[in-house]
Amino acid sequence: MTNGFNTPLLHDTQTMTRLREFEFSLEDFEALRKLVKQITGINLSDQKRELVYGRLARRLRVLELQSFAQYREILAQDGGKEIVQFCNAITTNLTSFFREPHHFEYLRDQVLIPMAGSAATRRLRIWSAGCSTGEEPYSIAMTIREALPELHRWDVRILATDLDSDVLERGRRGLYTEDRLKNLTLQRRARFFREHRERDAVSYEVSPELKSLITFKQLNLMHPLPMRGPLDAIFCRNVVIYFDKDTQRDLFARVAQLQQPGNLLFLGHSESLFKVSEQYALIGKTVYRRAG
Ligand SMILES: C[S@@+](CC[C@H](N)C(=O)[O-])C[C@H]1O[C@@H](n2cnc3c(N)ncnc32)[C@H](O)[C@@H]1O
C-alpha cells in the first residue's frame, strides 16, 4: 500500500515489522515484559511495545546482534551482566529540580522550621526512593541548607537510591547543563552551583555543601530494604506509577516499617495510597503521614 508518494504507509503491522531493523515478535515482547515485571515491578502495557523496541534496539546494536531472540538468549545466559543494561534502558527517568514544588515547601514549613525551633533531637533522615539523576535529593538538600542555617549542629543524612546504575552515577557527579537549572532561582544557582568548563562545554556542578549531605546507592525497591529507620520523610515520587496494586501494597507495607507515627511520605502527582495502605493518612496534596 502506498500514500501516493511511493512510500509505504506505516499503519499496518506487517509493513511495520518489515521496516524494522530487527525482528520483534509478539512472543519477544511478552517474554521481555514478563522479565521487566519480575525484576523491576514495572508493568508494561500493550501500548509500550514500540517504546520497548526503540529502547532495546540500541542494546542490540551495541552487542552486534541480529534479532531480539538472540538478545533474550543473552539475558538468560550471561550470568546477569546484561540485565543491568536492560533495566537501565527500560526505566523512565524524567525528573527536574523542585518538581512538584509544594512538597519542598511542606518539608520546610511543617518539618524543618518546627524542628529548628524546638529543643528536640537534631537528627534528620530523609530517603529519596527512585532519585533518578539526583535533582530530587539535591532539591531536598537545598531546602535543608536554606531552612537550617546552623546545620553543623545537626546530624542530617539524605539517602538517594535508584535501580538504574547510569542515573545514579550522574546524580553522584552532580553536573547539569544550563537547561536543567531552569526551575532554580538566581540565588539558588549562585549559592549551590559552580560553573564547570570542559573544552567548549559549560555545565554546572552542585556544590560540596549539598553533595556532603547525600549518599547515592543502588537499590531495587522489589528487594528487601536494608536501611534502618526511623526515616523522618520519604520521597517516593513518580516511581510506583507503573507498579500494579499488589506490588504497591507489598512495597508500602515494607516502607511503613521504616517510619514512626508522624513521619512523612511524599508521592508523585498521579499516585495514591487509596486501597494500597492503611498505615498512612492523607494530610495534603499527595502528602501522607504515618498513622499509629
Ligand atoms: C520518573 S523517575 C522519578 C524521579 C523522581 N523521584 C521525581 O519524581 O522526579 C522514576 C525513577 O524510578 C526508578 N525505578 C523504577 N523502578 C524501580 C525499582 N524497582 N527500584 C528502584 N527504582 C526504580 C527509575 O529508574 C527512575 O529513575
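Me: With which residue does Arg59 form a salt bridge?
Reply: In this predicted model, the closest N and O atoms of the pair are 2.8 Å apart. The pair links distant parts of the chain, with Arg59 in helix α3 and its partner in helix α5, 23 residues apart. Both partners are buried. The residue that forms the salt bridge with Arg59 is Glu82.

Me: How many residues apart in sequence are the parts that Arg61 and Glu21 tie together?
Reply: The side chains of Arg61 and Glu21 meet in a salt bridge of 2.8 Å, N to O. Arg61 lies in helix α3 (residues 49-62), whereas Glu21 lies in the loop between α1 (13-19) and α2 (26-40), so the parts tied together are separated in sequence by 40 residues.

Me: Is Glu135, the partner of Arg180 in a salt bridge, buried or exposed?
Reply: The side chains of Arg180 and Glu135 meet at 2.8 Å, N to O. Arg180, in the loop between β3 and α9 (186-192), has a relative accessible area of 33% and is partly exposed. Glu135, in helix α7, has a relative accessibility of 1%; because buried means under 20%, Glu135 counts as buried.

Me: Why is the pair of Tyr71 and Phe86 classed as it is?
Reply: A pair of aromatic rings is described by the distance of the centres and the angle of the planes. The centres of Tyr71 and Phe86 lie 6.4 Å apart, and the planes are at 55°. Planes under 30 degrees apart count as stacked and those over 60 as edge-to-face.

Me: What is the angle between the ring planes of Tyr138 and Tyr176?
Reply: Tyr138 in helix α7 (residues 135-147) and Tyr176 in strand β3 (residues 175-176) are 38 residues apart, and both are buried. Their rings form an edge-to-face pair, 6.3 Å centre to centre, and the angle between the planes is 85°.

Me: Over the ring of which residue does the charged end of Arg20 sit?
Reply: The ring belongs to a member of one aromatic cluster formed by Phe22, Phe24, Phe29, Tyr53 and Phe68. The charged end of Arg20 is 4.9 Å from the centre of this ring, which is that of Tyr53.

Me: How far from the ring centre of Phe98 is the charged end of Arg188?
Reply: The charged end of Arg188 sits over the ring of Phe98. Its distance from the centre of that ring is 4.0 Å.

Notes
Residues are numbered from 1 along each chain as its sequence is written. This is a predicted model: local features need pLDDT of at least 70, side-chain atom pairs count only at pLDDT 80 or more; totals for chains, interfaces and linings use all residues. Side-chain values use heavy atoms; hydrogens and water are left out. Rings of Phe, Tyr and Trp (its six-membered ring) pair if their centres lie within 6.5 Å; planes under 30 degrees apart count as stacked, over 60 as edge-to-face and the rest as tilted. Helices (H or I, at least four residues) and strands (E, at least two) are DSSP runs, numbered from the N terminus. Buried means under 20% relative accessible area, exposed over 50%, partly exposed in between (1.4 Å probe, protein chains only). A charge sits over a ring if NZ of Lys or CZ of Arg is within 6 Å of the ring centre and within 35 degrees of the ring normal. A salt bridge is a side-chain nitrogen of Lys or Arg within 4 Å of a carboxyl oxygen of Asp or Glu.
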